[in-house]
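Please walk through this structure one region at a time.

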Amino acid sequence: ADTLVYLERTLNQIAATAEGAERDRLELDVTLSLLPSLIGAEGYTCPRLPGYVERAIALSKRLEDHESLVTVLNTRIAVMSMAGDWKSLSAHVEELLAASESVSDPKLKVQSSYISAWTDLGAGQVEKAHGRLEVLVDSLDSEDLRATARLLGVDPIVSALSALAFAEWLLGRADLAESVARRCRLRAEAVGAPQSLATGWHTSMTTALFRGETEEAEHFQDMLHQCLDRNEFEYLYMRPLAARTHLLTMQGRPDDAVREAREGIEKAREVRALSYSTISLTTLAEAELAAGYLDDGLASIEQALSHGDESGERIWRPESFRIKGRLLSAGEDYEAAEKNFRAAVNEAADMSLLALELRAATDLARTLADQDRGTEARPLVEDILARCTEGFGTADYLAAQSLLSSSKLPAAM
């Protein structure tokens, strides 16, 4: 905090000096020191951050300082990605990649590659994102990038490992996702940057939830909260909020989940931290379903789908359709429920998201079985289980296997 006060005071003093190249250079150098400190203390949702970023971009261009320009363009993309407008990000990502061709410092190139992969992931291009992330991590994971954390306020390899763990799970590789999450957490601890530490704990918590391991998830949540308290900052992002909501729902506390999710979403909206809103809104709807608030749940799902359509955020659409199907089924509108379950299966299959395809097919099969259509439902589950190569101990796999083994899905005669 003292560093931020000093640097911002210095910028005010520079503003009072005569204009010229010397002043521009001094202002840019101080701003480049300020940005990572601000990110480390207050995160990418700090309301003062965009103004400093745009000023630094203008100064970098005026001074023809390519390395500084790439540094700040990286930060601008990270700030913009928090708003979750994946459609408008593409042009800025292209500008960043073009500018990166003018620099040789690998610390600057790595962040550019990560941002591109992050954008692909949100837009539902998971296999493309996975390929970029894997190359990035394999090429630089052995290097000491603490200098990058000082330059950017975060370690891009920690961020890349977090995104890679998410991608591995989505693609149906739950065991590998757990391994990558562990690497993410260990690297975050080694680097020590507060934002990266929070990312490491959040990633392990989320991966444990994907596997259905609530006690493990609660442990990682406690470690995340200790990290936030120790470093005195809030983590106002949609994915960790969704993880907290899901954990409370799994623990049989849906009313608490609904209350905390609504409060968290409102706080995140106030600071424009809208990235992955589809996940938070869908998880809220799931909690509302568990609490018996069916109309509220359907309203939350419509918000999730609308946000995805407007922003281009496709990654969680299969889950949104699946939870909508469960809400409609709970309201005994089985025809509409089946339609949404099938949409979930198809959307997941189109994006090669085996984990979400398995969830949707299992719910669809249950609905068909309840209508004495178990024979029709059986091949849906059999096909997806046959494509699973790991994660045999996860809650989703065991639920599908249990349904397949039950009398509700008889084999065809």
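This is a predicted model: local features need pLDDT of at least 70, side-chain atom pairs count only at pLDDT 80 or more; totals for chains, interfaces and linings use all residues.

Helix α4 itself covers residues 66-82, and at 1.5 Å a residue its 17 residues should span 24 Å; the end C-alpha atoms are 25 Å apart, which agrees. Of these 17 residues, 14 are buried, so α4 is mostly covered. Just after the helix, Gly84 has a positive phi of about 75 degrees.

The second largest pocket holds about 330 Å³ of space. Its lining has 16 residues, and those closest to the pocket centre are His246, Glu286, Arg322, Arg359 and Asp396. Helices α11, α13, α17, α19 and α21 each supply at least two lining residues, with the largest share, 4 residues, coming from α19. Sorted by class, the lining of this pocket consists of 7 charged, 5 nonpolar and 4 polar residues.

How many disulfides does the model have? The count is 0. Cys184 is in no disulfide, and the nearest cysteine sulfur to its own belongs to Cys227, 12 Å away. A disulfide requires two cysteine sulfur atoms within 2.5 Å, so the sulfur of Cys227, at 12 Å from that of Cys184, is too far for a bond. Cys184 is buried, with a relative accessible area of 0%, and Cys227 also counts as buried, at 0% relative accessibility.

Methods: Residues are numbered from 1 along each chain as its sequence is written. Side-chain values use heavy atoms; hydrogens and water are left out. The expected span of a helix is 1.5 Å times one less than its number of residues. Buried means under 20% relative accessible area, exposed over 50%, partly exposed in between (1.4 Å probe, protein chains only). On a 1 Å grid over the protein atoms alone, a cavity is a set of points where a 1.4 Å probe fits but cannot get out, and a pocket is an open set with protein on both sides within 12 Å along at least five of seven lines; lining residues have an atom within 4 Å of a point. Grid points are joined across faces, edges and corners, and a volume is the space filled by probe spheres set on the points. Ala, Val, Leu, Ile, Met, Phe, Trp, Tyr, Cys and Pro count as nonpolar, Asp, Glu, Lys and Arg as charged, and the others, Gly among them, as polar.
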